[in-house]
Amino acid sequence: MEQWAARVTPSGDVTPAFGADVHCPYCRNTDSRVVDSRTSDDGSSIRRRRLCPACGRRFSTVETTSLSVVKRSGVVEPFSRDKVVSGVRKACQGRPVTDDSLALLAQKVEESVRASGAAEIDAHDVGLAILGPLRELDEVAYLRFASVYQDFASLGDFESAIAALRHDHASRAERTREGGAGEVEDGAADVRVEVEAVSTDDGGAGDETGRTSASAAHER
């Protein structure tokens, strides 16, 4: 289960540990009342507006979930999107990858590892969580990164990874062709319906014209 961590925001707001007493930053009173709560857009934190009954002043608290990464050396440190971006950027050197794309990739990685519900995750698992989004972003960078985190030991490992990418491309192309064929068939059916409708309308107009001409001749 994830744990709640405490921190102080740059504005001086208090970020409490889950279940801990929140001291008023003005008078140090341990009691406060929540008057408003708002969840962040990505759902990773909750901002609460509190009222101190002792001094009557208001302050904000931010509750965030903590996620720690266990490195190979055994050192435990907080998960950092910046470190994800830093590691991936090395694999993206010389590739047409923007900073915004890397930031979005780091967000996807964090969402993926947090979905496990664990408070600690192995650094190797973070690397594996990067592979999927990086493969979608740039396949060359993906191969560079995968060679490290999947322990490529020979040229054959690269060839296998490239073959898997080619197979994936072939499967996507096949699905695209099948979808395109279905759209063509639907379009052809629509054209046939329109042609039949036009033919019916023209026939009706022709009959009406014939009846009008016959009536005029008869009157003459």
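Author: Strand S6 (residues 58-66) is largely enclosed by the rest of the structure, because eight of its nine residues are buried (under 20% relative accessible area with a 1.4 Å probe, protein chains only). This is a predicted model, in which local features need pLDDT of at least 70 and side-chain atom pairs count only at pLDDT 80 or more, while totals for chains, interfaces and linings use all residues. Residues are numbered from 1 along each chain, and side-chain values use heavy atoms, without hydrogens and water.

Reader: How do you know that S5 and S6 pair?

Author: Pairing requires at least two bridges found by DSSP; seven join strand S5 (residues 45-51) to S6, and the two run antiparallel. Leucine 51 stands opposite arginine 58. The two strands form a hairpin with six residues between them, and glycine 56 in the turn has a positive phi of about 80°.

Reader: Why are the buried residues of H2 said to lie on the same side?

Author: The buried residues are Leu102, Leu105, Ala106, Val109, Glu110 and Val113. They cover an arc of only 140° around the axis, and therefore lie on the same side of H2; the arc is taken from the directions from the helix axis to the C-beta atoms.

Key:
Buried means under 20% relative accessible area, exposed over 50%, partly exposed in between (1.4 Å probe, protein chains only). Helices (H or I, at least four residues) and strands (E, at least two) are DSSP runs, numbered from the N terminus.
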